[in-house]
Amino acid sequence: MSALASPATEAAAALLDELAALGVRHVVVSPGSRSQALALAAAALERTGRIRLHVRIDERVAGFTALGIGRETGVPAAVICTSGTAVGNLLPAVMEAHHAGVPLLLLTADRPPELRGVGANQATAQPGIFGSFTRFSADAPVPAGAAGETDAQRELAREAMAAASAPHAGPVHLNLPSREPLAGVLPGWFADGETRAVPVERSAAAGPAPHAVAQGPRTVVIAGADAGPDAEQFAHEGSFPLIAEIVSGSRFGRHVVHGYRALLREPSLGGEIERAVVFGHPTLSREVASLLSREDVEVIAVRGPGEDLDLNHTTAHVDALTVVGDPDRAWLGAWMRASAARVVDLDAPAPDLAGLTSKDPLARAQANRIELAAVRREVDREQLAAAVWAATWPHDRLVFGSSRIVRVADAVLPGKRVPVHANRGLAGIDGTVATGLGIALAAQDGARPGVTRVLLGDLTLLHDVGALLVPASEDEPRIQLIVGNDGGGTIFDGLEVAQVASRDDMERVQYTPQVADLASLARAYGWEHTRVTTRSALDQALIAPGRRTIIEVPLER
């Protein structure tokens, strides 16, 4: 073997070549020494146009960026990082990917076995570090340049892709130890953009036989996070009321129930439900959780890639559904009448056109006052959610952070077919900005790339502020971070703690009050920043051209 050759590089080239051949189009790298062979192979792949490469200095940010890409595309992005604490920083994204069923590939460089457990630098117990959160994990052999090693790397890539992909999508961990030399000259075929991957024959698997849902029991359809259009279609086919969370991607169509939380509490509606058919992962309301926990309600849950839902411990899990029998029009009608009465009017009063052109000075003055009041109307949480919803269309993407605003949006927004994302697998605030950036980067691969809007609170932004750092050499994502800034975590106002804690204790250990200067923060990271206080200014900011923008909306505590 020549002095410039490296078994680690040969192995990295074979692994990444196979992953690219299997459909991986995005690789996220957090630079480090032990991972240099993987990173340099990824850079070579980018030069040949086979992948898009994204470099992030923070592994936690890298993990969530890859998760966002996987959310948008349904294809895993690969994350490359060095050994030690770098690997540990991937855990939050791995946990979310596991619970939400998002495909994700983790390629972690490592010290060879002889350097583990002996006090060597940057060496820890990486094999199996993510425990039960991965669909598949492997501690690969150390490359030594022996015959057949590259074939073994290719087989490992095929196993990883199969495990990470649908129908049981989730995170996969390949731990990749190596010895010096940690990098060498890339194989000529690889550097020239060729591939040595052998096409994999895939037979089209027959879909599961649908489970027949017979009409009869009083039924509602529940659409949780990531339910998508299937929930609306099933509700339409069965003439069932559709209780669709705002993060479901199902809140559209004629059967959407407005004000569903209050209606679920009504004995004549929520109390009369006999069956609930669930798509996605419901997380936003206690009323839905209570319904799905009832022993007297038959719950049928459509399996997704994430964790099975079974709040009442008798839930039936199915892969597909069909409806048989005649619908209960009276049941649907009762829900639709109650829903119509719960629609929230979020529009400003229409201008008095007749008054504006009236010859009566008093009528013109009154019409002018009404129009001016509409222009100057301050933004509250309801208006913030309404403005972002109104500005977003099917070619855009909307990402909700796990802030107070998503619950307000869930309570007041009408139906509209919008592509929606949210990290509701564990419903944490971690990685929201990075996830949104990953979604925006992946969405720009489409034929009609729109704007990715991330609606989040101030603490959710600050928790992931490192994600704002995007290399100048990379394509700028079209993304808006719309930040409802109330100076802290006022989401706790709606929880039990607000009834038992003193005001001082709430300030000290719950609200996390902050006075961060978001304009200076945006400027430091190279983002545009605008601060708006009125609905008209917010509407203009949301449709203004630009790339990376933070729109700050101050809100009352």
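Because the model is predicted, local features need pLDDT of at least 70 and side-chain atom pairs count only at pLDDT 80 or more, while totals for chains, interfaces and linings use all residues. Residues are numbered from 1 along each chain as its sequence is written, and side-chain values use heavy atoms, leaving out hydrogens and water.

Select tryptophan 189 and phenylalanine 190 to begin: their ring centres are 5.6 Å apart and their planes stand at 90°, so the pair is edge-to-face. Tryptophan 189 is buried at a relative accessible area of 12%, and phenylalanine 190 is buried at 2%, where buried means under 20% relative accessible area, exposed over 50% and partly exposed in between, with a 1.4 Å probe and protein chains only.

Tryptophan 331 is buried at 8% relative accessibility, and tryptophan 335 is buried at 0%.

Then select Phe234, Phe240 and Phe279, which form one aromatic cluster.

For the helix contact, display helix 14 (residues 381–391) with helix 15 (residues 404–412), which pack at an angle of about 75° with axes 9 Å apart; the axes are lines fitted to C-alpha atoms, for helices over the stretch in contact, and angles run from 0 to 180 degrees between N-to-C directions. Helix 14 is thus roughly perpendicular to helix 15, the class for 65 to 115 degrees, whereas under 35 counts as roughly parallel, over 145 as roughly antiparallel and the rest as oblique. Contact, meaning heavy atoms within 4.5 Å, involves residues including Leu384 and Ala385 of helix 14 and Ile405 and Val408 of helix 15.

Finish at serine 250, in the loop between strand 9 (242–244) and helix 9 (260–265). Serine 250 is buried, with a relative accessible area of 0%, and, leaving aside neighbours within four places in sequence, its contacts include Ala223, Glu232, Leu242 and Val256.

Key. Rings of Phe, Tyr and Trp (its six-membered ring) pair if their centres lie within 6.5 Å; planes under 30 degrees apart count as stacked, over 60 as edge-to-face and the rest as tilted. Helices (H or I, at least four residues) and strands (E, at least two) are DSSP runs, numbered from the N terminus.
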